[in-house]
Amino acid sequence: MIKKKIAYMVAVSVFGILMVTYSVVTKDVSVGIDYARSMGVGFIVAGAIRTIQYYRLLKNPQKLTQYEIANSEERVVFIANKARSMVFVISIYVEIVVMILLIWMGYANEGGLVAVFAGLQTLGYVVAYRVYNNRY
């Protein structure tokens, strides 16, 4: 399990490196701030820090077993799933409010784009729910 997390964090860091490279090669600057470079550096730093943390866990078998027990405990898993669900619902409501405000302010195209994203997220939730409902 921990090796998968290390691989994922390395992939996040590589994605950050690609973003920084893209930013440097294309000199893509929007409104005076280089978003791709800033986000890329953030991905690199976050991925590197988590990779180091997971690698240190691998070196210490006692801490690794404590970590795996803590993350597989039923209560922790339940709370994490409830938190994810709540954040998802809140993000959908925020997207709907942003969509309404954008349309009201005369930005119908942008409001429609936010609506499409909210719809795709909801559709993804419904599909995942049905798949997991049939599997478990």
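## Packing of α1 and α2

In this predicted model, α1 and α2 are roughly antiparallel to each other, a term for angles over 145 degrees on a scale that runs from 0 to 180 degrees between N-to-C directions. Helix α1 (residues 2-26) and helix α2 (residues 35-59) pack at an angle of about 160°, and their axes are 7 Å apart. By class, the contact of α1 with α2 has 22 nonpolar, six polar and three charged residues, where Asp, Glu, Lys and Arg count as charged and Gly is among the polar ones.

## Aromatic pairs

Across the whole structure, a search finds four aromatic pairs, which are rings of Phe, Tyr and Trp (its six-membered ring) whose centres lie within 6.5 Å. F88 and Y125 form a stacked pair (planes under 30 degrees apart), with 5.3 Å centre to centre and 20° between the planes. Because F88 lies in helix α4 (residues 74-104) and Y125 in helix α5 (residues 108-135), the pair ties together parts that are 37 residues apart in sequence.

F88, Y125 and Y129 form one aromatic cluster. F88 counts as partly exposed at 23% relative accessibility, the class between buried, under 20%, and exposed, over 50%, with a 1.4 Å probe and protein chains only. Y125 is also partly exposed, with a relative accessible area of 44%.

## Basis of the values

Residues are numbered from 1 along each chain as its sequence is written, and side-chain values use heavy atoms, with hydrogens and water left out. Local features need pLDDT of at least 70 and side-chain atom pairs count only at pLDDT 80 or more, whereas totals for chains, interfaces and linings use all residues.

Conventions. Helices (H or I, at least four residues) and strands (E, at least two) are DSSP runs, numbered from the N terminus. Angles under 35 degrees count as roughly parallel, over 145 as roughly antiparallel, 65 to 115 as roughly perpendicular and the rest as oblique. Rings of Phe, Tyr and Trp (its six-membered ring) pair if their centres lie within 6.5 Å; planes under 30 degrees apart count as stacked, over 60 as edge-to-face and the rest as tilted.
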